[in-house]
Amino acid sequence: MLNQYRKKIKKKLLARLLHGNTVSCNVCNKSFTNFLTYLGRINAQCPNCGSLERTRLIYRFITDLKLVKPGTKLLHIAPDACLYHKFDKELGDNYYPGDKFEEGYSYPKKTRPMDVTALDFPDETFDGVVC
Ligand SMILES: [Zn+2]
């Protein structure tokens, strides 16, 4: 609990310190002087929502093509926390996040244990899959 509180404070401080107009995050719609370095990649992680390059690219693809709208039934495998919150808010019960639960990781609340190689949903259950 204390560790999560520290992470939240650190995130808020970084987002304020890096506030600027050089880069912008399409997931949280905030702008910064730069993104954070992540695993050696410069300008990779949004200091506000934590999205990485691939997450922002996936989200841009989805939003530009309007692939997710109210009523869309979406399966999301290994959901990034930032997209999880967006899709959960927009889709509610039509959002199905799933992941292969690994020890040492934490998963957003609604995430169900799921093996992507052995899904047990009937055909045509979903309108889309993000994996
Ligand atoms: Zn962001």
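Is R41 buried, partly exposed or exposed? In this predicted model, R41 has a relative accessibility of 34% and therefore counts as partly exposed. Its salt-bridge partner is E53, with the closest N and O atoms 2.9 Å apart. Because R41 lies in strand β4 and E53 in helix α2, the pair ties together parts that are 12 residues apart in sequence. E53 is likewise partly exposed, at 29% relative accessibility.

This pair belongs to a set of three salt bridges found in a search of the whole structure. In another, the side chains of D64 and R60 meet at 3.1 Å, N to O. Both residues lie in helix α2, and because they are four residues apart, about one helical turn separates them. D64 is partly exposed, with a relative accessible area of 49%. A further salt bridge joins D88 and K110 at 2.8 Å, N to O. D88 is partly exposed at 24% relative accessibility, and K110 is partly exposed at 28%.

The structure also contains a zinc ion, whose protein donors are the SG atoms of C25, C28, C46 and C49, lying 2.3 Å from it. The angles among the four donor atoms are 104 to 121°, and the site is tetrahedral. Along the chain, the donors follow the spacing C-x2-C-x17-C-x2-C.

Conventions. Residues are numbered from 1 along each chain as its sequence is written. This is a predicted model: local features need pLDDT of at least 70, side-chain atom pairs count only at pLDDT 80 or more; totals for chains, interfaces and linings use all residues. Side-chain values use heavy atoms; hydrogens and water are left out. Donors are N, O and S atoms within 2.8 Å of the metal (3.2 Å for Na, K and Ca); water is not among the atoms, so sites may look incomplete. Four donors count as tetrahedral if all angles lie between 85 and 135 degrees; four count as square planar and six as octahedral if opposite donors are over 155 degrees apart and all others between 65 and 115; anything else is irregular. A salt bridge is a side-chain nitrogen of Lys or Arg within 4 Å of a carboxyl oxygen of Asp or Glu. Helices (H or I, at least four residues) and strands (E, at least two) are DSSP runs, numbered from the N terminus. Buried means under 20% relative accessible area, exposed over 50%, partly exposed in between (1.4 Å probe, protein chains only).
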